[in-house]
Amino acid sequence: IDLDPEYLRALLRRAELYEKTEKLDEALEDYKQVLERDPNNSGARRACMRLPQQIQERNEKLKEEMIGTYCTRTHHISLLLT
């Protein structure tokens with residue numbers, strides 16, 4: 001990709017790898033770049049429709065986990081102080 005940024009097959013493969021390793025934001029960016037160069041690429045188009053929802057779900061899950069961790073810690077601290 002560094003040697004030939006127009007090489008769509010490499011960009012598509014990297015996007016797929018990012019997606020498989022749950023680097024969804026990076027995958028979406030690569031798929032968008034593929035679509036900019038090849039608007040008829042159906043795989044990239046499907047990914048660009050699918051990934052935003054997956055990213056949102058992941059972010060909501062992380063937010064819930066963070067809130068749960070914070071509440072648990074706050075509860076433990078309050079128990080220690082009483």
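## Close-up views of a predicted helical model

**View 1. Glu19, a buried glutamate.** With a relative accessible area of 19%, Glu19 counts as buried, because the cut-off for that label is under 20%. This is a predicted model, so please read each view with that in mind. Glu19 belongs to helix 1. Its side chain forms a polar contact with the side chain of Arg50, at 2.7 Å. Setting aside neighbours within four places in sequence, Glu19 also has Leu24, Ala27, Tyr31, Leu51 and Gln54 among its contacts.

**View 2. Helix 1 from end to end.** Helix 1 takes in residues 8–20, 13 residues in total. From first C-alpha to last, helix 1 reaches 18 Å, close to the 18 Å expected at 1.5 Å a residue. Which residues in helix 1 are buried? They are Ala10, Leu11, Leu12, Ala15 and Glu19.

View 3. Glu22 follows helix 1 and sits in the loop between helix 1 and helix 2. Phi of Glu22 is near 60 degrees, a positive value in a residue other than glycine. Is Glu22 buried or exposed? Glu22 is exposed, with a relative accessible area of 63%, because exposed here means over 50%.

**View 4. The largest nonpolar core.** This core holds 14 residues, and Leu28, Tyr31, Val34, Ala44, Cys48 and Leu51 have the most contacts inside it. Helix 1, helix 2 (24–37) and helix 3 (42–81) each supply at least two residues of the core. The largest share, 6 residues, comes from helix 2. As general background, nonpolar side chains tend to be buried together in soluble globular proteins.

**View 5. Tyr31 and its neighbours.** Tyr31 is one of the core residues with the most contacts inside the core. Not counting residues up to four places away in sequence, Tyr31 touches Leu12, Ala15, Glu16 and Glu19, as well as Ala44, Ala47, Cys48 and Leu51.

View 6. In the model, the end C-alpha atoms of residues 8–41 lie 10 Å apart. This span is 79% helix and 0% strand.

Key
Residues numbered from 1 in each chain as written. Predicted model: local features only at pLDDT ≥ 70, side-chain atom pairs only at ≥ 80, totals over all residues. Heavy atoms only, no water. Helix = DSSP H or I, 4+ residues; strand = E, 2+ residues; numbered from the N terminus. Expected span 1.5 Å × (residues − 1). Buried < 20%, exposed > 50% of the residue type's maximum accessible area, 1.4 Å probe, protein only. Core = buried A, V, L, I, M, F, W, Y, C linked by side-chain atoms within 4.5 Å. Contact = heavy atoms within 4.5 Å. Polar contact = N/O pair within 3.5 Å; in protein donor to acceptor, adjacent residues only side chain to side chain.
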